Structures are given as structure tokens and as C-alpha cells.
Amino acid sequence: MTDPSAWLTREFLENTLTGTAETDFARLLSYNVTLATKKGDNYASEMYRVTVQYETSTKERTQRNIILKVMPSGEIQQKVMEENSIYQREIVIYRDILPRIYKLLRSIGDETLISPICLATVTTPKQMLIFEDAREQRFQLIDRRLGLDLEHAQLVAVKLAKLHACSRVIYESEPELFELTLEGCISDDPNKQTYLPYYRRCVQQVVRLVREWNTAEDWGTILEKLIQLEQKIIPYGCDVYRRAEESFNVLNHNDIWINNMLFRYGTKGQLEDARMLDYQLSFFGSPGVDLNFFLYGSLKPEVRSKHMPLLVKAYHATLRQTLERLSYRGRIPTLPDIHVEVIRKGFHRVNATFQMLPIAMMENTEEAEMDLLLAEGEQGEAARRELFDNPRYITILREVLPELHLSGYLD
């Protein structure tokens, strides 16, 4: 992580905060910079928390925290970001699309917030987004290794449904806003493939594990399919992001896993609210993209196995109700329609299981470097081996692989 002292100056903060309605900033008195996340908690950016003391236009002295989300310093990470217009994409979401979503929700008396409020977007001296600190409103991360229970999962499903429903309404009138989200993060464009070798390397690690199991148990059929999958995972992944224009398409968050969720609890520990972070991979396409990734990458295994239909039903009920209240004129998908989309984009549960779950369940993130996990050579291989040898991950993988096989997603 780079040292921010060279660019995070008093002048920068004054220029950035001046004119933001949410702060009523007039004059900076002092500031202090700390890391906003632990190493390994955020792979696609560098996060800083800045405590600022300032005067408002009425001469009132105020202190608050702001969060700076900055383009990462890793060489491979930067290349991936630039190839996929990552920061430009997220700027459009926070600056243009989410405010319109909130306006729609307020028009029907719904005060829901889906994400932290973005105070400003900046391109120099670095590309970054500046947010209110949700921690000041008692939001917090939860343990990514454990997965969500049913109550947390239902709340996230409702938030996703509102994001999807409102985005569909906005797309009908302003489709140009979604231009940067029309291409997915797995692309057959030869100029956008820096990240793709990691998909194959994840399959290689799963093959290694299953080959070991196959010496004492019969995993032969699944092993054979996994060996073939290494060459097919990129075209299959591209197919997940292939959009049927005549279908009900929505703005997918497209990276909906536990470290991109914040939760707030009441004084007695009761769950009150949630926020979804990180829209840098957002994609306009089938709602089955988000639903598969969420259901297979973020839940406790027993919640997914017992309650998946219930969660899809909760999602659909909110989607339908929101669209009806917004007087949406198009065809509203039925619950079976949504189940069809989940099945149609079901290969994305392979991506969630092979690429997201190992990172989510990692025990020690202090030495985690995304550039190292993406790298070729012995060091990169050793880092990935350690990632996949996690006993907690292996337990889930042994349960999910037969299901993926029987569903046809390994063929």
C-alpha cells in the first residue's frame, strides 16, 4: 500500500471538501490519516480513513471521518483496473445512478439507502471516491469466514431487489447511463484479459485437491470434468455475461460478497440495516448473475442448502412490489422467471465457489497480496496453494462439487 502523505495534503482536502453539500465545509482546522481496512480485506483498492476537523459556513466547529477509496498500487491490479474502466464505472454508479435510484425510492415513500453516500469523485492526483464513514452510523463488517445466516441473507436479498428494480426503471428512460456496465468482467476481448489466467489457476487448484481425494475415494468422474473445465472456464464465464436484450436485465452489483456488505445492529444486538459497497464491477444483465454469486459465495452452507428457494422468493417479492409501486410499464418477471434466470446463469456459482470462497474463507490475510495471488511462478503458486488448502474451504468444496456436477455446470 502506498504512502498517502505525498498526495494527501491539506490543500487536497480543502479543494475536495469545498462545495460538498453533505459537509457544509468552510475551513479545514486539522486532519489525521489512518488505514480504513486491514490488509487483505480489500483487494481492488486502497482505503484510508481521514478524521477532519473543520469550520462550517456558520463558523461551527465539526469533526467527522471520511473514507478515501483509492486506485491500488499493485502493478497487475492497476492494469486490470484500467482494462475494465473500473473506477470510471464506479464513479458513474455513485455519481449518476444511485442518486436516481434514491429519488425513485423516495417518490414511493421508501427511505432505503443501499450504499454509503459518496461525497465526491476525484481523478487527480489519484483516481478515488470519497465517502461518508458508515462506521459513524454504527455499520460494521462481519466475519467473512463464517457466511451469512438467514436473517442477514434476507436483508441483502431485499436490498439487491430494490437496486435491480430501480435500475431497470432508470434504464428504460436513460440507457446511456449504463454504457460502461454493458460489458462483464470476464471478456473475450484480447485487450481485457490480464485477470483471466487467475480463473484457470483456480481450476488447477481444485483439480489438485480432487486428485488427492481420488486416491482414497471415487472422484474420477468429477476429476475428469474439472480437467476439461480448465480450458472451458473462460468461454463459460463469458457466457454468464452474455446479455439477452429481450430479457429482463438489471444493474447487477456483480461483486456481492461479505466484505462488500456492512451491517448495523441495535442496542440489543438485533439486525437493523445493511449497506452494499464496491460497484466497480457492476454489470447490466441478468439478475441471475448477482443471485448466483450471492447465494453460493456469501451464505453459511446450511442456509444455502435449506433456504435458497426462500431467499429467491424474498428477492422476487421485493422486486415485484417495487416495480409495481413505481408503475413500471414493462413485463414484471414472475417467480418462476427468476428461477429460470438463476439456472440459466448458474455457471456463475462455479465462479463463486472457485474464486470467491477461497478468499472469503482465508484465515490469515495479513500477508495477502492480490498481485501475488495473480502472479505466475513459484511464489504465486505457493500463495494459491495455501489459499485452497484451508480446511474450512475444503469442507464446503467437497459438498458443493457433487451438486455442481449433477446440475451440469462442470460439463
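Which helix does T322 lie in? Select T322 and you are in helix 8, where helices are DSSP runs of H or I with at least four residues, strands are DSSP runs of E with at least two, and both are numbered from the N terminus. What is on screen is a predicted model, in which local features need pLDDT of at least 70 and side-chain atom pairs count only at pLDDT 80 or more, while totals for chains, interfaces and linings use all residues. Residues are numbered from 1 along each chain as its sequence is written, and side-chain values use heavy atoms, with hydrogens and water left out.

**Around T322**

Stay on T322, which is buried with a relative accessible area of 5%; buried stands for under 20% relative accessible area, exposed for over 50%, and partly exposed for what falls in between, with a 1.4 Å probe and protein chains only. Leaving aside neighbours within four places in sequence, T322 is in contact (heavy atoms within 4.5 Å) with L105, K162, A165 and C166.

**Helix 7 and its partners**

Next, select helix 4 (residues 150-173) and helix 7 (residues 287-297), whose axes come within 11 Å and cross at roughly 165 degrees. Such axes are lines fitted to C-alpha atoms, for helices over the stretch in contact, and the angles run from 0 to 180 degrees between N-to-C directions. Helix 4 and helix 7 are therefore roughly antiparallel to each other, on a scale where angles under 35 degrees count as roughly parallel, over 145 as roughly antiparallel, 65 to 115 as roughly perpendicular and the rest as oblique. To see the contact itself, show A153, V156, A157, L160 and H164 of helix 4 together with P287, D290 and F294 of helix 7. These residues divide into six nonpolar, one polar and one charged, with Ala, Val, Leu, Ile, Met, Phe, Trp, Tyr, Cys and Pro counted as nonpolar, Asp, Glu, Lys and Arg as charged, and the others, Gly among them, as polar.

Keep helix 7 and bring in helix 8 (residues 301-325), where the axes come within 11 Å and cross at roughly 145 degrees. Here P287, L291, L295 and Y296 of helix 7 meet R304, M308, L311, V312 and Y315 of helix 8, a set made up of eight nonpolar, no polar and one charged.

**Loops to inspect**

Move to S115, in the loop between helix 3 (86-107) and strand 4 (118-122), which counts as buried at 1% relative accessibility. Not counting residues up to four places away in sequence, S115 touches Y94, L98, Y102, R275, M276 and Y279.

In the loop between strand 4 and strand 5 (128-132), select P125, which a cis peptide bond with omega of about 5 degrees joins to T124.

Two further stops have positive phi without being glycine. R138, with phi of about 70 degrees, lies in the loop between strand 5 and strand 6 (139-140) and is partly exposed at 45% relative accessible area. D278, with phi near 65 degrees, is in the loop between strand 9 (271-276) and strand 10 (283-285) and is buried at 8%.
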